[in-house]
Structures are given as structure tokens and as C-alpha cells.
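Work through these exercises on charged and aromatic side chains. Try each task before you read its solution.

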Amino acid sequence: MSASKLLRGTFILTAGVMLSRILGLVYVIPFYPLVGERGGALYSYGYVPYQIFISLATAGVPLAVSKFVSKYNALGEYGTGYRLFRSGLLLMTITGIAACAILYTIAPWIAPFVIDKQVEGNSVADVVTVIRAVSFALMIVPVMSLIRGFFQGHESMGPTAASQVVEQLIRIIFLLASCYIVLRVLHGSLVTAISLATFAAFIGALGGLAILIWYWWKRKEHLAELLTQDRGQLHPSLKDMYKELIMYAAPFVFVGLATPLYQLIDQFTFNRAMASIGLAKISEEAYSIFNVWAQKLVIIPVTLATSFGLTLIPTITKAYISGDRKSFRKYLNQTFQVVMFLTVPAVVGMAILAEPMYAAFYNYDPLGEQVLRWYAPAAILFAMFSVTAAVLQGINQQRFTVISLTLGLLVKLSLNTFFITKFATIGAILATTFGYFLSVVFNLFIIQKYTKYRYNFVIRRTILVMILTAIMSIGAVVMLHLCQWLFHYNGGKVESVVIVIICAAVGAGIYFLLSERLGLISSLFGNRFAFLQRKKKAVS
């Protein structure tokens, strides 16, 4: 595969993932006023179990199949990858139907763990209905993941990117349209609306699958031609092929399970803990703010940082395998620096602007502001967990990812109820933070142990980032107070949007300018911002 083709494919796939995630964030702006806190909580009750099932059924499948097919294609054994693909279609179909049947069947068992009798709002029957509505998507998504991986293995990233965007777009259109029609036109029940909102995952998956089938039909002749060039010297059994596939996929399964499992612990403990301290009336509202609405905002810097940071992982892997320790240290330094450079100012800015930011996306809510301010710093740990887990995969120590995730989940499980009874909603955030912190520290320790990598340089750069962030914060705080005074701010949506844009622009401008003057941007991103140098020379 040529370097230009590799870069083009990586760009297409990254662009597709980013656009899909942006769509997944933007839709909450019209979704929130339609369903409110109670609807958001009910939506989460259905989606969290679904995410766990979908992670178990498909997490890592596209990358694992891609790696498998690419490996045997490079050997000229095109038939081997195709055999895996054909048998995999049958297996994924069976797996998907089984996963759907299991989730549909156990919904009445899951629901009572979610809803406490003292909690006012959604009932156990409501939760069962929503979980069953979303379960149907499990029949299609595993097959779709396999096809995406097969195309990627043939160095074709377009089908995956296009299907992801179409899947997300159709899901969001169906979700918003169905909720609007049920609630505003037919004046139906919230449960019906949320059931259709979760069923939108099935509709979106149909759209994504249709795109993949179209690509398959379009490239059928090319794929058939490759089979005629098959060397036919290797004939691994299906058992051996699936064993190899599982080895590739397993690490990604556990990383993909991290967030849903943390959310599942909250889903099973939050309402009961809140009810035990006399906060049953606001329990579901607080849950939806923490686990749905604020979480959507916190993920923004994580997505941005990991999109840049993870692009260096293949280079890190290559340097480690080839024994090039100097390059390995250099690329690892760069990866960690990029994550800290992007997430630290983003989460501090989000914490400073928590009040207008929450109001801009949803509405003015003192609890939403408080939750977002406390939750924002956890984004650094979310990003670091993803990156350190990828590094462990790169140095072939992925088994420790399972251990670190387990340790973090045990911390979350042991502290969650206790912290909630002491600090209410903030307690759940603290338990999540401590859990991820332990996982990240453990991953960093394992990386140091097996690679002899030293963190001194990254620590010094992180301190520099914190200093620049502190200076940025002063500018952002001053601008925030000035804007609130000028606009006579009282939590209005329009004023909130304007304030967030102005303050974020000022803060980012200060941070970016200081970083550029100190040479930090060029050292991290190379020539990506060379236009700044040209402009500076032109001015001088």
C-alpha cells in the first residue's frame, strides 16, 4: 500500500468518524427540549445495556477483520480472507439474532435494578419497553461491522466512512422526527417517543447496511478478480482463523466496554442511592444530567484529543517492534503531549464556562452547571485511558488493559453508592474519576515497566501546558464577567451561545498564540500550522 493511499484512506476514515461523532453531539440540541430530563434518563436506561451488548458482539470486529484480511491479502492468499468473510457473515447473523433475543428476554430482569420504588417518573415497565425497542438493532450491527472490516482489509476506507455517516444521519432524522410527531403532533406518551428514539438505532443500521451492500455490488467484479489471483498455498481451518481473529479483537472489546460498564454501575446504583438520602424526587433528573446531557459535552475534548493522539499509534508500534528506541520515545512523547495539549485547556475552559455552555446546549440549570464543572476534568482521564490502552496494544501487552479496566470498575463499584450518599450527584462523578485515574496510572506503570520509558519530559511539558492554561483561564474569566455584565446575563439561550463563542474564542486565541510563540505547536504538529510562520514572516 503506497504512503499516499494510506494517508488518503486514513483521512477518509477519520473524517467519517469525526462527522459521525459531531452528528451524535449536535442532535441533542433539539432532542433535549423534546424529551427533557425524564426522557433523557429513560433513553439512557435503554441505551447503556445495548452498548454493552453491541460492544461484546462487535467491538474490534472491523479492525480485527481488517487486520486479518490485509495480512493474507499481502501474502496473496485472497481466498483465506474471503472464506473468513463468508463464514463470518453467517456467524455474525446468528450472533446478532442471539444477542437481540437475549437482551429482549432479560429486559424485565434488568429494569427492576434501575428503578427504585421511591423514584418518581419512569416505571419498570417503561424501562422494559425501551430496552426491548433498542434490542432489534443487534440483529444488523454485527453483520455491518464485519463488512466494514472486510472493506478496510482491502484498503478501502470509503465504504466504512460513508456507512457510518449515513447510519448516524438516518438514526438522528428518524429519532427527532418520531419524537416530534409522537409528542407534539399526536400528543402521545413519552415512553412511546423514547421507544421510537431507541428503535432509531435499528433504522439507522438498515441505512448503513444498505450503503455497504451498494458498495459491495459496485466492487463485486474487482473482488472476484482478486480471487482468481489467489496463490492457494495456505489453508487455515476456520477454528484457527477465528482464534486469530479473537486475538486481534479482544483488546478493543475491553476498551469499548469501559464507558458502558461505568454507566451500567451508575444505572444500577444511582437512583437507589439518591432515594436513600431523600432525593428520590430529583433522582432521574440528576441521572440524565450526569449520564446523558453533561456526558455528551465532556466527550467533545476526548474525541478531539484521541483523534490526533491515536494517529501516532501505528508509528509507535513500528518503532517498538523494530527496536528503534529513540524513535519510540520520541513518538510516545508526542502522543502524550498532544493529548495533554488539547484536553487540559479544553476541560478547564469547559469548567469555567459551565453555566453558559450548559444553557447554550440545553437550558439554564444550576445542577447542570455544577455537574458539568465537576465532570469536565474527567475528560483528561478518558482520553488518557484510550491512548494508553492503544499503546499497550502496540507493545503487545494488551492483556494488562483488561486488568486496568477491572481495577477501575472495582473502584467505581465500591465507592459509587457511598460517594452518592455523601455528595449526591457529584459523588458519582468522583467515583468515576477515581476509577479511571487508577486505570490510567496502572497503564502508565505497565508501559514504563516493559519499555523503560521515562515520563520526565512529558511531565515538564504538561506543567508548561498548565501554566499556559492558567494564563488562558484569566483571560476567559475576565471576558466571561465582562460579557455577563454587557448582556445582563440571566441564563437565556441566545446570550449563552454568544458568551460561549466569545469567551471560547478569546481563551483559545490566548492559548494558541502563547503556544505558537513558545514553539510548542510546531514541535507537536510539525508543518500542519506552517501558514502561521509564513504570515509572521510576511508581517515582519
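**Exercise 1.** By about how much of a helical turn are Glu369 and Arg373 separated in helix H15?

Solution. Start with the ground rules. This is a predicted model, where local features need pLDDT of at least 70, side-chain atom pairs count only at pLDDT 80 or more, and totals for chains, interfaces and linings use all residues. Residues are numbered from 1 along each chain as its sequence is written, and side-chain values use heavy atoms, with hydrogens and water left out.

Now locate the pair. Helix H15 covers residues 366-375, and the two residues are 4 apart in it, so about one helical turn separates them. Helices are DSSP runs of H or I with at least four residues, numbered from the N terminus. Next, check the contact. Glu369 and Arg373 form a salt bridge, with the closest N and O atoms 2.8 Å apart. The term requires a side-chain nitrogen of Lys or Arg within 4 Å of a carboxyl oxygen of Asp or Glu. Glu369 is buried at 14% relative accessible area. Arg373 is partly exposed at 33%. Buried means under 20% relative accessible area, exposed over 50%, and partly exposed in between (1.4 Å probe, protein chains only).

**Exercise 2.** Which parts of the chain does the salt bridge of Lys412 and Asp266 tie together?

Solution. The N to O distance is 2.9 Å. Lys412 sits in helix H17 (residues 399-423) and Asp266 in helix H10 (residues 238-276), so the bridge ties together parts 146 residues apart in sequence. Both Lys412 and Asp266 are buried. The whole structure holds 5 salt bridges.

**Exercise 3.** Classify the ring pair of Tyr32 and Tyr362.

Solution. Take the rule first. Rings of Phe, Tyr and Trp (its six-membered ring) pair if their centres lie within 6.5 Å; planes under 30 degrees apart are stacked, over 60 edge-to-face, the rest tilted. The count by this rule is 42 aromatic pairs. For Tyr32 and Tyr362, the centres are 5.1 Å apart and the planes at 50°: a tilted pair. Tyr32 lies in helix H2 (residues 28-58) and Tyr362 in the loop between helix H14 (354-361) and H15, so this pair ties together parts 330 residues apart in sequence. Both Tyr32 and Tyr362 are buried.

**Exercise 4.** Which charged residue lies over the face of Tyr104?

Solution. Arg132 does, at 4.4 Å from the ring centre. The test asks for NZ of Lys or CZ of Arg within 6 Å of the ring centre and within 35 degrees of the ring normal. Tyr104 is partly exposed, at 35% relative accessible area.
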